[in-house]
Amino acid sequence: MQVHYDAIEADMTQQLAAIGDRSTAMTRVVELLKTSPHYQWVGIYLVEGDELVLGPFLGKPSPHTRIPLGRGICGAAATAKATIVVDDVNSDPRYLACSIETQSEIVVPIMRGETVLGEIDIDSDARAAFGPQDRAMLERVAALLSEKL
């Protein structure tokens with residue numbers, strides 16, 4: 001699976017270098033990440049005041065278009081300024097249910113310095129779907145994307 005991660009990251013690096021506006025950059029990141037077969041829902045939330053506001057996403061519509069900082073797994077990741085991986089969302093009381101199919105989630109803050117600009121949120125229909133390779137690749141992608149936000 002490492003080849004797939006490297007290919008996504010290389011493609012993203014090349015494409016983001018050529019993109020000038022943040023909206024197009026975020027949309028392209030979502031599109032490229034969604035090519036991973038175990039990523040059923042991929043979205044980007046941006047920090048606006050004391051909320052996370054849903055930007056581009058691919059997957060089933062989410063009822064959570066605005067999430068207060070500190071609420072849910074997304075809000076917790078933004079507040080902690082750290083990646084959160086949840087292997088079983090049904091056992092985590094912070095989880096804000098979006099889909100009954102979702103079994104695991106990874107949320108990666110997009111940061112510039114110590115400031116959280118937004119985050120990448122990915123859901124999977126499989127338990128424990130996100131390993132160290134997912135985390136490392138997504139943290140590098142978030143760093144690349146931070147340059148466009």
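This is a predicted model: local features need pLDDT of at least 70, side-chain atom pairs count only at pLDDT 80 or more; totals for chains, interfaces and linings use all residues.
View 1. The protein exposes about 6900 Å², of which 55% is supplied by carbon and sulfur atoms.

**View 2. The four helices and six strands of the protein.** Followed from the N terminus, the elements come in the order α-α-β-β-β-α-β-β-β-α. The radius of gyration is 14 Å, close to the 15 Å that the globule rule gives for 149 residues, so the protein is as compact as a globular protein of that length. Taken along the principal axes, the box filled by the C-alpha atoms is roughly 40 × 35 × 25 Å.

**View 3. Burial and contacts within the protein.** Among the 149 residues, 48% count as buried. Of the contacts with a separation of 6 or more, 50% are between residues 24 or more positions apart.

**View 4. Phe130 in the loop between β6 (115-124) and α4 (132-146).** Phe130 has a relative accessibility of 6% and counts as buried, because buried means under 20%. Val85 is 45 residues away from Phe130 along the chain, yet the C-alpha atoms of the two are separated by 7.1 Å. When neighbours within four places in sequence are left aside, the residues in contact with Phe130 include Val85 and Asp87, the run Ser104, Glu105 and Ile106, and also Ile122, Asp123 and Ser124, with His38 and Tyr39 likewise among them.

Conventions:
Residues are numbered from 1 along each chain as its sequence is written. Side-chain values use heavy atoms; hydrogens and water are left out. Helices (H or I, at least four residues) and strands (E, at least two) are DSSP runs, numbered from the N terminus. The radius of gyration is taken over C-alpha atoms; the globule rule is 2.2 Å times the number of residues to the power 0.38. Buried means under 20% relative accessible area, exposed over 50%, partly exposed in between (1.4 Å probe, protein chains only). Contact means heavy atoms within 4.5 Å. Accessible areas come from the Shrake-Rupley method with a 1.4 Å probe; for residues, only the protein chains shown count as cover.
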